[in-house]
Amino acid sequence: MEDFQDFLTHKIAHVTIGEFQLGKFDEARQIYQEAVATYGKGFKGAYLLQETGTERGIAVILWDSEESMSANEGTEAHKQVLKKMMPLFESTPRTTYYEVVTEIQPRHED
């Protein structure tokens, strides 16, 4: 039986907004996929968005808790993958952490 406190916990969204050097978005996308592939327990999904016709993007990674996020992003494998990505940015990306307070799933049609 789920504990009531578990019901009250919220997912965490790690959101990074940045711009890559001209022509580097595809390379960054591949490296992003490598980074996400290193994630384990607590990982709930990832999205990489690209503004059409630009090198600007938003990465959203969902975690079940701050602890899971910290544990996964603290691994040596993850650090090495990100080390490959950082030189591709035009400028330092902005990272913010959000608490997911509403999540709406689509209805399943019968």
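Is Asn72 buried or exposed? I looked this up first, and Asn72 counts as buried because its relative accessibility is 8% (buried is under 20% relative accessible area, exposed over 50%, partly exposed in between, with a 1.4 Å probe and protein chains only).

A note on the source: this is a predicted model, where local features need pLDDT of at least 70, side-chain atom pairs count only at pLDDT 80 or more, and totals for chains, interfaces and linings use all residues. Residues are numbered from 1 along each chain as its sequence is written, and side-chain values use heavy atoms, with hydrogens and water left out.

I then placed Asn72 in helix α3, residues 66–73 (helices are DSSP runs of H or I with at least four residues, strands are E runs with at least two, numbered from the N terminus). Leaving aside neighbours within four places in sequence, I found Asn72 in contact with Thr38, Tyr39, Gly40, Lys41, Trp63 and His78 (contact means heavy atoms within 4.5 Å).

Next I turned to Gln33, which sits in helix α2. Gln33 counts as partly exposed, because its relative accessibility is 45%. From Gln33 to Gln21 I noted 12 residues in sequence and 18 Å in space, C-alpha to C-alpha.
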